[in-house]
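Biologist: I'm new to this one. Can you show it to me and walk me through it?

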Amino acid sequence: MARPKCFDAGDKGLMNTIAVRSNSLSQHQFKWLLVVPLVAFFMLFFVIPVGLLFATSFNPAKVGQVALISDLTFDNYIRFFSRSNYLMAAGRSIFLAGIVSVITLIVAYPMAYVIAKTENPARNTFLLILVLASMQLDMVIRLYGMMVILGDNGLINQILQAMGLTDDPVALMYNFRGVVFGLVQFALPFMILTLLGVIKGIPPSLEEAARSLGASRIKAFTRVTLPASMPGILSGSLLVFALSISSYIVPALMGGFRVGVLPIHIYQQVAQSARFQFGATIAVILFLISATAVVVYLKLGNRSSGGLA
Amino acid sequence: MERKIPLPILVLAILGFCYLLFPILVVVLAGLTTGEFLTFPPKGLSLRWVISFLNSEKYLSAFFFSFKLALMTMVVSTILGTAAALFLARSRFVGRAALRAFFLSPVVLPGVVVGFALYAFFITSGLGISRTIWGLWIGHILYSTPYVIGTVGASLATFDVSLEEAGRSLGASPLRAFHKITFPNITQGIQAGSIFAFIVSFGQFEVSLFLSAPNSEPLPIAMYNSLRYKFEPDAAAAGIFAITLVIASVLLTNRLVNIRRLMEPQED
């Protein structure tokens, strides 16, 4: 990330020449020592466990058995891809994450645009604090609020009934719609932060040039700023896709277990039916879908989210 | 300057902020309501549920369990993450970008899958720490360290390395130059990173799902378990304390490092 400036400067200054020459071998070894603990931690508690999970998914299904055995089989994958139940869950997950990406983009863009164009430092910081604080807040607490608003006896239904617009409560949650509402709330800060970096990077002179050539404010925005923020739109959408396809808590609470997406199936297979091998198979499939989105996101070159997302 | 923003965009942005913040406001109101549940318009405000939370064995112990776990996570994440961020910033190693992406990847990979993988690993390896605070600790470190790397990395990016090089050329050992010159300049970045690590662990749900034990649960899991069946206003009161904690830490972060600068695009 931060390339040491002395290396970029090359041999421009005497100071740098001295400094580079004094980079002894021992200093290089010292540098490696800095990263060894974290690499070891990630190997032991991330790579190996996920690797074992992959291996488990190729073991014959046996209820209640966690331990790995040496038998290899594709039965779990055949089961996954031959049952419409699971295929539909995969399709539903992808469809859900896709819809959420699009809606989050539409909601987040104006917010990111306003933050980027707010030049008053205090006001700008205040808006960023609002976004960061909501991003860091426990999702269960945010969903508690969403449920109080969207429930059958929730605030929206109380208002609708008080105004006489509806007699029966409108089902705003415990269905697909509810999960979408919840996931958009979850993903908004990530999308805002990604878009913010890109919008800030667009020179204001571009929009001004369009304006001076007679374009209206709206037209300058739709013809110049919006297309120029395409890289942020793409990487933000991929990030939101990966985050929302992985979420368990939102479909669990907002869908009331009626929206069977992949994370819900994993939990049911493992915690309720003790089918570790088949649970591992679904987990591997979810992991691969999510990792694909993340890899594409990284390939696009994400320089925009300030290293936080 | 704000006048440059077209009105329709401003209106949409305000609606967006309502969408983002209103659920949080509702939790605060639900925790302060007089009645059994939140109605519209609210019946009145009282501290009834806050007191109920402070007397509830379930939520109070979960709150302190999460607090302890977050502190434990913060210590390890800060040390591991700061060291790794220093390496990533100073090394000329070719795979640097890939290594950084690898360290940041837990943030975007499914927490339920990683939690399940760790759960199965703890059982098969005979470590005996599945469903204990130690297992949760490991899972949380995995998910908190990326935030330390991001924040410390950002503060290293704004620090002029030639200062340290100058110290070195004047005869300071690498360790001494780091200790006397670089470290004081990135201290605040490290502090901000550790606050992030704390708060990410405090609010962590997905990884905890498979790793927590029924009798000692972190706050998000305890709230989730009750929320599945009914709305308990003392859960909302617990939420008020968590919201206060998050706002305080973001404000503190902002005092330590300039949040606006943290959000700016970084050179690779």
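Modeller: Start with a term: pLDDT is the predictor's confidence in each residue, from 0 to 100. We need it here, since this is a predicted model.

Biologist: OK. What does chain A average for pLDDT?

Modeller: Chain A averages 86. In chain A, 88% of the residues score at least 70.

Biologist: Which elements of chain A have the lowest and the highest mean pLDDT?

Modeller: The lowest is helix H1 of chain A, residues 5-9, with a mean of 38. The highest is helix H5 of chain A, residues 84-117, with 96.

Biologist: Where in chain A is the pLDDT below 50?

Modeller: One stretch is residues 1-26 of chain A. Beyond near neighbours in sequence, that stretch has 40 contacts in the model. Another is residues 302-309 of chain A, also below 50. That stretch has 34 such contacts.

Biologist: New topic. How many residues do chain A and chain B put into their contact?

Modeller: Chain A gives 98 residues, and chain B gives 98.

Biologist: And which helix of chain A gives the most to the side that touches chain B?

Modeller: Helix H3 of chain A, residues 25-56. It supplies 17 residues.

Biologist: How does that side of chain A divide into nonpolar, polar and charged?

Modeller: The side of chain A that touches chain B has 69 nonpolar residues, 20 polar and nine charged.

Biologist: Is the crossing left-handed or right-handed?

Modeller: H6(A) and H11(B) cross in a right-handed way.

Biologist: Which residues meet there?

Modeller: From H6(A), they are Thr125(A), Ile129(A), Leu132(A), Ala133(A) and Gln136(A). In H11(B), they meet Val246(B), Ile247(B), Val250(B), Leu251(B) and Asn254(B). By class, this contact has seven nonpolar residues, three polar and no charged.

Biologist: Last one, on chain B. What domains is it divided into?

Modeller: Domain 1 of chain B is 1-46, and domain 2 is 56-262. Their C-alpha centres lie 29 Å apart.

Biologist: How many residues does each domain give to their contact?

Modeller: Domain 1 of chain B gives seven, and domain 2 of chain B gives seven. On the domain 1 side, five are nonpolar, two are polar and none is charged.

Conventions
Residues numbered from 1 in each chain as written. Chains lettered and ligands numbered in written order. Predicted model: local features only at pLDDT ≥ 70, side-chain atom pairs only at ≥ 80, totals over all residues. Helix = DSSP H or I, 4+ residues; strand = E, 2+ residues; numbered from the N terminus. Contact = placed C-beta atoms within 7 Å. Nonpolar A, V, L, I, M, F, W, Y, C, P; charged D, E, K, R; others polar. Domains from an automatic or database assignment. Left-handed = near helix turned anticlockwise from the far one by under 90°.
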